[in-house]
Amino acid sequence: MMDAPYELHGEPVRAMRPSLPSVLVMTHSHPKLTRGGAEISAFTLFRELRARGGKAWLLGCSSPKSEVRLGATLTQPYGPDDYVYHPNAAFDYFKFANPDPQFPKVIEELVAELKPDIVHSHHFVRFGVEMFAAIRRGWPKTRIVLSLHEYLAICNHHGQMMKTKTFRLCEKDSYAACAACFPQHGERDFFLRKRYLQMFFDDVDLFISPSHFLAERFRNWGLPASKLAVLENMPPERDGSTADAWVPPAVLPPPVEVAKLAFKPKPSRTASAKRLGGDEVSLADGAEDAAATGAALPSLNFGFFGQMSPLKGITVLMDAARRLTDLGIRNVVIEIYGDYSSQPLEFQKVVEEALEEAGENVVFHGAYDNSQVNTLMQRIDAMIIPSTWWENSPVVIQEAFTNGKPVICSNIGGMAEKITHGVNGLHFEVSRPASLAEVLADLATNPGKLASLTAGVRPPPTAQEVLEQHLELYDRVIAV
Amino acid sequence: MSMMPPATQSTHGCIDFLSYSASLDGWLAGGWIDLSWDDRDEPPAYILEFGETKVEGEAVVCVFPRPDVRKIGVGVLLFMPGVSQRADAFQDAILIRDGRRFRLTASEPLDRPTEFEAIARTKSLISSAMRSSRRAHLLRLLNRPTFAGHDTLDTLQPPVFLELDAACLCPPAGLLLRGWFIDPFRSVASIRIRCGAESRLLDTDHWIRIPRADVRQGFSKQFGGLIDECGFLAFVGDVYSPGETVYFEVQGRLGDVAFKRVAQVRSAGVDTIKETLSNLELRYDELARGYDHVLGPAVAAMNDFRLMEAVDYKEMTFGDSPAHPRCSIIVPLYGRIDFMELQLAFFSRTLGRHHEIIYVLDDPTILRATEALATSCIARFRLPFRLVTLASNVGYAPANNVGLKLARGDYVCFLNSDVFPKTPGWLDSMVAVADARPEVGVVGAMLVFEDETVQHEGVAFEVLPEFAGWNFSLHPRKGRYPSEDESVQEVEAVTGACLMMPMALAREVGGFDEGYVIGDFEDVDLCLKARERGRICVVDRSARLYHLERQSQGGQQSSWRLNLTLYNAWRFQKRWPPAALEQLAQGESEGRAKKAELAGAAE
């Protein structure tokens, strides 16, 4: 698939770069205002380019709370190379059109003024896909690069590629299937939506996808393979001097008192005659006795980091934990770092009930500060990503690898691509708690297996390395 | 009493009073007549002269003794059934018997009593007339009950039920009546509709039966043998005059008469057209009768009235459209303005700047939103266009015609808002086809659905037996995969969804016929007008566009919309009967043969 001119060769090609291309980095929300994955990647890219002495500018959209200057569409509250766009019209989230009549002129003039070699946008929402045409008009020589962060252009369901009613995974868009998910729109609306998006995507010179999986989905959707490159997002900024540092797995921070929430001791049961939701779980030879007592085995701590939403599979995880208790596995603790306060009320109740009923093997810590992520990850033995949707390239995988932790994830999409089963983590069947319980029980009863997976973890590329790969792509796209 | 007639004129009597009786549908007059008049039962012919206008028929004549004229004549009373005229223009009444003309001239001054005074006076005078069957007949007429402003229908025995749901004016003076009628004992001889001096018989020709199960069920316990179709839709022309009461006059077989007042007459508009065409399902032969006598004239009158006043519009320009465009694209907008946004986006990649685009907003309710979107579109897509906004919703043909009036191109391309270009240069290709062949009057495009199957590759006419054997315009191969063929092909007609023609020709034929309501058949009508002038219609199969058909008019076809299509079909048959279509086709093939012959001779 990636037969394109954009296949990366892995080797940083030039430590001795004569001059860096000038880059206008765009993101749909200014990183000073929100801290989503795309914003962080954009900001890191901007920062690293400047750290290398290159010319770079940043343009992000304002938040509703941003200070508005009457009549000013573009402001610079954060410095001379840093721009904030204040959208002045209700954005069309169906076909990602920006009806703001000011913006095309503003972006056109800005690009004409800056004359960047590259405009690298980390999103098209809020700016609108028409911006690519305006950028092209403003400075025809510029090359336009767009990072894809999810399946938004393909799927109207928040770009999740999951069915709206059943939440089943969706393999491919079609006008009929999309209209079935959204009865308020007809098939022809989806036809026009796609045509509109693809027409403006024509002006994009290069699409960067952080996973082959996502790239493949976009190729199936109609983007030319020759314009698609797979490249990991810029890794997130770290706190203080430890930024991008590879933390060796052996060094553990001192244990910290954790805020315990849900503890409801339950009588432990033996593993005999266990049927887990109809799925027979077979434990490894000789493990059954050990599991039943739990005495001789070391305690294993698995971590969940992130939003406690249905898509992130929190209920799958809680169910699996219950099944472990039912199996009599007592040397496993699942530590949950995350928050569910922004979830719909109904789902909040589901989570609360699940926590209420959870056994001793679940510890709920609540929300965490991202600056603490490395410290917290050091306390766990492995990461669990039980997402029920495809994911793209979850940043927690990079964070887990940075901390030398293997990852157990659902066997689909971008996450399954990033984790090699049996090397630096394990896959389980998506949305099947029994399958996850089986994998965890296996690790709990075979201590050597986790050690081998931990040894299989390789550090993710550093920001400098990823930047170098970006520069290589920029060079190629400029040369085309 | 009466003045002698002027001596210069040869007269045989005099008319002293004259009055039109609407309830009797004729003229009542009294005066005297020459002694030579042969008074017998056989009715004489009469002519009433009102200046240039004459009313003729057979008169009922009764003579009576009149001492004041006893040496030269006798008193005479006349009833002359016929239509109303202005009584002040009356000059002479002429009776013709055995080939002899008796001229009775108007006395000066002529007495013109009211209808009721005339009836009373005639009754009083006739009492002294000799007994005859004529006298008896006239007395019967004079004693008929008259409408006194209130309903008397419930006095009829056996009972008759007549209710009106709506009466709509079909300007200038027609009425469309919707209601239900039950005559369980078949005792009704006739129903007339009356207004002022006018009256019209409601005959079955001007009456469509409509199922009203609710009414039948309501009466089925009382009466047996009722049918579902007791509802009616009736049209009467030339009866209404403003300010006069409209009422039904129901006459029984025994001569008894009762009245029913029409409480309210509604004015004509799109709503009344919709209402008229709702809840009807006419098929086969009832279709032709229903549209010929009831729906056709009624809807035509309402639509003419609706379009009587020139539509008010204003124009805004976005960007600089060319002063002398090659082609003017005209797109009427209704409801979904996001189609304008999408079209302009797609046009920005498929259209040269030497064409102009004119949007005609035929939906004043979304004026502000359209203006805002237009401002945004020019900023985003940089493609100049003109936006014409109409002050009222007038429909497809009139909206396009406003655009046509303002267009500046050498050609005009009528385009639907749900048509989106597929190939670049589509319009240049169509213009080139017309440029190359002067005989081409209309160029259509190859239109496909979003799944790439055929929506339109030319129109063919086909007779549909279910629909009165009328000709309908069909799209052959619709829904099938198109062939790769990119040639130019001659067709019977093309769809108005994308129809290009020379501007001069479009103006010469007067654009679209606005008599078609809302949007059907006016496109093929336009094509036939071009063919009538010796031009041909072609489809340029290399010009490809998507047509997301009927998106702009909502989904499921409602009954009124289907019936409106049938109205337009009816209008089309009247304008282009099958014989006219055949003649066109024959003329064209003869023309082709002749051309080929000439070409052969030239070689």
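What follows is a chat about a predicted model with chains A and B.

Reader: OK, sheets now. In what order do the 6 strands of the open sheet in chain A come?

Author: The order is β13-β12-β11-β14-β15-β16 in chain A, with parallel pairing. At the edges are β13 (362-366) and β16 (425-428) of chain A, each of which pairs on one side only. Ignoring direction, neighbouring strands in this sheet are turned by 25° against each other on average.

Reader: Zoom in on β15 and β16 of chain A: how many bridges?

Author: Strand β15 (residues 407-410) of chain A pairs with β16(A) over 4 bridges, in the parallel sense. To pick out a position there, V407(A) sits opposite G425(A) in β16(A).

Reader: Which strands of chain A does helix α8 touch when it packs on that sheet?

Author: Helix α8 (residues 314-327) of chain A touches β11 (300-307), β12 (332-339), β13, β14 (382-385) and β16 of chain A. The direction of α8 makes about 160° with that of β12(A). Helix α11 (residues 395-402) of chain A also packs on the sheet, touching β11, β14 and β15 of chain A. The direction of α11 makes about 170° with that of β14(A).

Reader: Back to chain B. Is the pairing in the open sheet of 4 strands parallel or antiparallel?

Author: Antiparallel, with the strand order β12-β11-β15-β16 in chain B. β12 (198-201) and β16 (257-262) of chain B are the edges; each has a single partner strand, so one side of each has no neighbour in the sheet. From one strand to the next, the twist averages 25°.

Reader: And the β11 and β15 pair in chain B, how many bridges join those?

Author: There are 7 bridges between strand β11 (residues 188-195) of chain B and strand β15 (residues 246-252) of chain B, and the two run antiparallel. Within that pair, S190(B) stands opposite Q251(B) in β15(B).

Reader: What about β8 in chain B? In which sense does β1 pair with it?

Author: Strand β1 (residues 13-21) of chain B pairs with β8(B) in the parallel sense, over 3 bridges. F17(B) has D111(B) in β8(B) as its bridge partner. Strand β7 (residues 90-97) of chain B runs antiparallel to β8(B), joined by 6 bridges, with L95(B) partnered by F102(B) in β8(B). β7(B) and β8(B) form a hairpin with 2 residues between the strands, where D98(B) takes a positive phi near 50°.

Reader: Over in chain A, what is phi of R126?

Author: R126(A) has a positive phi of about 70°, although it is not a glycine. R126(A) is in the loop between β5 (118-121) and α3 (131-138) of chain A. M161(A), also not glycine, has a positive phi near 55°, and M161(A) lies in the loop between β6 (143-147) and α4 (175-181) of chain A.

Reader: Last one, helix packing. At what angle do α6 and α7 of chain B cross?

Author: Helix α6 (residues 338-350) of chain B and helix α7 (residues 367-381) of chain B cross at roughly 15°, their axes coming within 10 Å. That angle makes α6(B) roughly parallel to α7(B), because angles under 35 degrees count that way. The crossing is right-handed.

Reader: Which residues meet there?

Author: From α6(B), they include M340(B), L344(B) and A345(B), and from α7(B), they include L373(B), C377(B) and F381(B). By class, the contact of α6(B) with α7(B) has 7 nonpolar, 2 polar and 3 charged residues.

Key:
Residues are numbered from 1 along each chain as its sequence is written. Chains are lettered from A and ligands numbered from 1 in the order in which they are written. This is a predicted model: local features need pLDDT of at least 70, side-chain atom pairs count only at pLDDT 80 or more; totals for chains, interfaces and linings use all residues. Side-chain values use heavy atoms; hydrogens and water are left out. Axes are lines fitted to C-alpha atoms, for helices over the stretch in contact, and angles run from 0 to 180 degrees between N-to-C directions. Angles under 35 degrees count as roughly parallel, over 145 as roughly antiparallel, 65 to 115 as roughly perpendicular and the rest as oblique. A crossing is left-handed if the near helix is turned anticlockwise from the far one by less than a right angle, and right-handed if clockwise. Contact means heavy atoms within 4.5 Å. Ala, Val, Leu, Ile, Met, Phe, Trp, Tyr, Cys and Pro count as nonpolar, Asp, Glu, Lys and Arg as charged, and the others, Gly among them, as polar. Two strands pair if DSSP finds at least two bridges between them.
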